[in-house]
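Welcome! Please take a moment to look over the sequence and the 3D view before reading on.

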Amino acid sequence: MKFVNQLFNFYLNSSIHVALSVFCLAWITLLEFEIPYDKNVLYFLFYATITGYNFVKYFGIAKFHHRSLANWLKLIQVFSFFCFLLMCYYALQLSTTSLWCISGFAMITFFYAIPFLPKRFFLDKQHNLRSIGGLKVYLIALIWAGVTVLLPLINNGHDITTSVVLTWIQRYLFIIILMLPFEIRDLRYDSLKLSTIPQKIGVNETKLMGGILLLPFLLLEFLKVNVNWERSIILVIITAITFLFLIFSKVEQSKSYSAFWVESIPILWAVLILSLVA
């Protein structure tokens, strides 16, 4: 049992689970626009997510405690290094336009973690985009929506149509909503200077905000050309599940509530669509 717990903790702490969620969201985009399975872009996103998330999460720790790193963090460092190599390999398989798109999102991720501007622009000593009050959720949603909607389509030469724009807006809203249980969980840890959504409006109001955002997330589906009713039903199911997880989220929640179960919603979404396609 101890080994299983350690394996599960490594699975979460090394960002494999969140990478699988990103992978599934990108795959959902390919399925929605009837584009064949693109292993290059999907595998790139999987390994890039692990590399990027671990860089953001552990950069400060590794920078200041390099010689005294815990064994689990050293293991994650080694794992992340090999994921970085695989990310580079699959990046070379992508189109030039895709690489330009990736460069933009990579720059945002880099500046999200690394101090780069004078103190007067920031609310704490980190001096990075992550420390600007109220910006974190919207930056992450921007990156996730971009790489899971635009990148797969750009790499396959798909035109940016009205349906693509609507899907991007949907995905942006979905990621914001999906992050709210995390914001509620982190309320007891986050500095007040971060001005997170629950800090600014309260826990109940955050849940209300998420519920309201779920309405345009769902309704935008019916503005698209050639609405697929079976997939729309799946979207209704995902909306309901997301709403329930949002409503039952609280400050004192288990480690797996947000980090595993909430982040499993995109995986469930992909499984349901694949079951439909099959």
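## A residue to start with

In which helix is V277 found? V277 belongs to helix 12, which covers residues 265-277. Keep in mind as you explore that this is a predicted model.

V277 and L31 are 246 residues apart along the chain, yet 8.7 Å separates their C-alpha atoms.

## The nonpolar core

Now let's turn to the core. The largest nonpolar core holds 68 residues, and F44, F174 and W269 have the most contacts inside it. Helix 7 (residues 162-185) supplies the largest share of this core, with 12 residues.

Not counting residues up to four places away in sequence, W269 touches L25, I28, F174, F217, I234, L235 and I238.

## Where two helices cross

Next, find helix 2 (residues 16-32) and helix 6 (residues 136-155): their axes come within 8 Å and cross at roughly 40°. The two helices are therefore oblique to each other. Helix 2 passes helix 6 in a right-handed crossing.

On the helix 2 side, the contact is made by V18, S21, V22, L25, A26, T29 and L30. Helix 6 contributes W144, T148, V149, P152 and L153. By class, this contact between helix 2 and helix 6 has 9 nonpolar residues, 3 polar ones and no charged ones.

Definitions and conventions
Residues numbered from 1 in each chain as written. Predicted model: local features only at pLDDT ≥ 70, side-chain atom pairs only at ≥ 80, totals over all residues. Heavy atoms only, no water. Core = buried A, V, L, I, M, F, W, Y, C linked by side-chain atoms within 4.5 Å. Buried < 20%, exposed > 50% of the residue type's maximum accessible area, 1.4 Å probe, protein only. Helix = DSSP H or I, 4+ residues; strand = E, 2+ residues; numbered from the N terminus. Contact = heavy atoms within 4.5 Å. Axes fitted to C-alpha atoms, helices over the stretch in contact; angles between N-to-C directions. Parallel < 35°, antiparallel > 145°, perpendicular 65-115°, else oblique. Left-handed = near helix turned anticlockwise from the far one by under 90°. Nonpolar A, V, L, I, M, F, W, Y, C, P; charged D, E, K, R; others polar.
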